Amino acid sequence: MPVLRVGVLSARDARVPRWCLSIRDAPVPAAVLAEVIKAFGAPENAQRMEEARDNACNDMGKMLQFLLPVATQIQQDVIKAYGFSSDGEGVLKFARLIKSYESQDPEIASMSGKLKAMFLPPMTLPPHGAGTGGVAAS
């Protein structure tokens, strides 16, 4: 019977051992999220994101067209090493898994918010009572 060897993760290399099927099995799920965030800061990825933002011109439809695919690709490049599929479905599974940890771990919740802020525009709500809900005021 083969012996399963499990390596110890160091602070420098927080990769999940290949035997892990998902981040849930990983000893340090925050480390995977931190690696994704770090990937967005890499010069080539920061340049790609900036170009996509420029092309989107603060238009939500164009953000979905230009920015979201770049952000998805950056995440895919990291999470595929942790057993997630290297497609959009893998990113969605990763996002759902991180969401499930947010209420349990404030560090993960904070990092998740930071990641979302990198590619989702801030949501601004109209001031309370400012609109009439599409009804003309008389």
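Start by selecting helix H4, residues 88–102. Its 15 residues reach 21 Å from the first C-alpha to the last, close to the 21 Å expected at 1.5 Å a residue. Helices here are DSSP runs (H or I, at least four residues), strands are E runs of at least two, and both are numbered from the N terminus. The expected span is 1.5 Å times one less than the number of residues.

A note before going on: this is a predicted model, where local features need pLDDT of at least 70 and side-chain atom pairs count only at pLDDT 80 or more, while totals for chains, interfaces and linings use all residues. Residues are numbered from 1 along each chain as its sequence is written, and side-chain values use heavy atoms, with hydrogens and water left out.

**Stop 1: the buried side of H4**

Keep H4 selected and show its side chains. Which residues of H4 are buried? They are Gly-90, Val-91, Phe-94, Leu-97, Ile-98, Tyr-101 and Glu-102. They sit on the same side of H4, because they cover an arc of only 150 degrees around the axis. That arc is taken from the directions from the helix axis to the C-beta atoms. Buried means under 20% relative accessible area, exposed means over 50%, and partly exposed lies in between (1.4 Å probe, protein chains only). An α-helix has 3.6 residues a turn, so residues three or four places apart point the same way.

The buried residues of H4 pack against helix H1 (29–41), helix H3 (60–79) and helix H5 (106–119). Contact here means heavy atoms within 4.5 Å.

**Stop 2: the start of H4**

Move to Asp-87. One of its side-chain oxygens reaches to within 3.2 Å of the backbone nitrogen of Glu-89, at the start of H4. A polar contact is a pair of N or O atoms within 3.5 Å; within protein, one must be able to donate a hydrogen and the other to accept it, and residues adjacent in sequence count only if both atoms are side-chain atoms.

**Stop 3: Gln-75**

Select Gln-75, in helix H3. Is Gln-75 buried or exposed? It counts as buried, because its relative accessibility is 5%. Leaving aside residues up to four places away in sequence, Gln-75 touches Val-36, Phe-40, Val-91, Phe-94, Leu-115 and Phe-119. Two of these names, Val-91 and Phe-94, also belong to the buried residues of H4.

**Stop 4: the loop between H2 and H3**

Go to Cys-57, in the loop between helix H2 (43–56) and H3. Cys-57 is not a glycine, yet its phi is positive, about 50 degrees. At 57% relative accessibility, Cys-57 counts as exposed.

Step to Asn-58, in the loop between H2 and H3. Asn-58 has a positive phi of about 60 degrees, although it is not a glycine. Its relative accessibility is 72%, so Asn-58 counts as exposed.

Then take Asp-59, again in the loop between H2 and H3. Asp-59 is partly exposed, with a relative accessible area of 36%. A polar atom of the Asp-59 side chain lies 3.0 Å from the backbone nitrogen of Gly-61.

**Stop 5: the whole chain**

Zoom out. The protein chain has 5 helices and 0 strands. Buried residues make up 34% of its 138 residues.

Colour by pLDDT, the predictor's confidence in each residue, from 0 to 100. The chain averages 77, and 68% of the residues score at least 70. Over residues 1–21 the pLDDT is below 50; beyond near neighbours in sequence, this stretch has 26 contacts in the model. Where pLDDT is low, the predicted coordinates should not be read in detail.
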